[in-house]
Amino acid sequence: MRFLDLIHKKRDGESLAPEEIQFIIREYNRGKVPDYQMSALLMAIYFQGLNNKETSAFTLSLAETGEMLDFSSLGKIVADKHSSGGVGDKVTLVLAPLIAAAGVPVAKISGRGLGFTGGTIDKLESIPGFSANLSIKEFTELVRDNNLAIMAQTDLITPADGKLYALRDVTGTIENISLIAASIMSKKIAAGAGAILLDVKTGRGAFMHSKEQAFQLAESMVRIGKEMGRRVVSVVTDMSQPLGFAVGNILEVKEALSVLRGEGPSDVEQLSLFLGGLMLALVGKVRNPEDGQEELSRLLKSGFALEKFKQMVTLQGGDPGYLEKEDLFPRASYLETLRAPRGGYLKEMDALRVGKVASFLGAGRSVKGETIDPTVGIVLTRKVGDSVEEGEVLAFLHGNKEEILSASLKELGNAFLIADDQVEPPEMIHGIVPPFPS
Ligand code: URA
């Protein structure tokens, strides 16, 4: 097989056979294909697309370049959850211990955030001592013995995806639904969970700006997962405004703890319970998602989910003292307030702008490997639809550099739109793929 022939084939709109796709991924991963040829092929894929069969072959070929975890010896269905990422999205910190507290093992491998704010791993690593750099052995043992582990993505799992993603990032070939679906699902398939819940965000602060694209991605990922023998459900959810009030790593851990104590914010709690209910139904623990939500609501109120979170943090090296006494967490040196320029109803709170400002303050990365500042970020005081009086605080900005803080304050002001007329809050859940039960 010649790589150049495969470029011609895709460029001319033909489909590639599974063994050709396997050859492409395997040889690229072995360093046998120069980046310029792989880039040409990716661009041909970008324009010509991949059909379902090709997308599945792409996914499996990526997954097979690294270790494939297998939890079948546990005799229980292991759950995994993925979010396509959003501003203030700390749901995994709530949902993972909640599901585990319900007796369903959760094995989550998560990437470090690149973009507006830190990812789940960055948030957890803001708890002093916590380590997400587990070996696969440690990870599987924690899942077996404790029902819960969250580990950082490693090169041992889907190494080809890491290389390809970096190449796509600099060749304008990220934004292709098939490539995105294959990239995400290859990691989920390799991570070994039998039940996968995918939260596909849509709106200004999300990877998928349009609902139509979000549903396409959700459908593609569900189809791939089912074909590979996994139970999969996707939920398309709103990311037009940030989730919860806190954006920034320590600030988000504190907010997640508040949700685990049953003290809200209500949107984070509701979404966690909604997704959790679906997950319990997906693994067959309850008859329907509503029963699942009820059970999880009890676990939240009884404090079991919080205990599970503390146990996970402790077993992964974190200091549980910080979870008992949140004042121990370090704080940013400066605090600024953004005040409403006029009274009315909050019509828009642009998640993209809020995320960018949080990142500018130091809560996110602009390039891979950059260190983030766990203390900085934004705490909002309103949700879209709420009323506000002129001069009331709309947001607190936590920063460590005065000059960055004042520029951030100005920019953050542009994220808010206040109107005279009452505004309906946006719907949080846009749809479930496939509609449950299927
Ligand atoms: N996230 C991934 O893991 N892969 C993509 O291609 C896009 C988002």
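In this predicted model, a side-chain N or O atom of R168 sits 2.9 Å from an oxygen atom of the ligand. The table lists the distances.

| Residue | Ligand atom | Distance |
|---|---|---|
| R168 | oxygen | 2.9 Å |

On its own, the ligand has 240 Å² of accessible area, and the protein covers 84% of that. Accessible areas here follow the Shrake-Rupley method with a 1.4 Å probe; for residues, only the protein chains shown count as cover.

What surrounds the ligand? The shell consists of Y165, R168, I180, S183, I184, K187 and F207. By type, the shell splits into four nonpolar residues, one polar and two charged. Ala, Val, Leu, Ile, Met, Phe, Trp, Tyr, Cys and Pro count as nonpolar; Asp, Glu, Lys and Arg count as charged; the others, Gly among them, are polar.

Two helices, α8 and α9 (177-190), each give at least two residues to this shell. The largest share, four residues, is from α9. Helices are DSSP runs of H or I with at least four residues, numbered from the N terminus.

Helix α8 also holds D161. Its relative accessibility is 5%, so D161 counts as buried. Buried means under 20% relative accessible area, exposed over 50%, and partly exposed in between, with a 1.4 Å probe and protein chains only. Beyond its neighbours within four places in sequence, D161 is in contact (heavy atoms within 4.5 Å) with L62, S183, S186 and K187.

Elsewhere, helix α2 covers residues 18-29. Its buried residues are E20, I21, F23, I24, I25, E27, Y28 and N29. Their cover includes α1 (3-11), α3 (35-48), α4 (52-63) and α8 (159-169). Just after α2, G31 has a positive phi of about 80 degrees.

Residues are numbered from 1 along each chain as its sequence is written, and side-chain values use heavy atoms, without hydrogens and water. Local features need pLDDT of at least 70 and side-chain atom pairs count only at pLDDT 80 or more, while totals for chains, interfaces and linings use all residues.

Notes: The expected span of a helix is 1.5 Å times one less than its number of residues. A residue is near a molecule or strand if one of its heavy atoms lies within 4 Å of it. A polar contact is a pair of N or O atoms within 3.5 Å; within protein, one must be able to donate a hydrogen and the other to accept it, and residues adjacent in sequence count only if both atoms are side-chain atoms.
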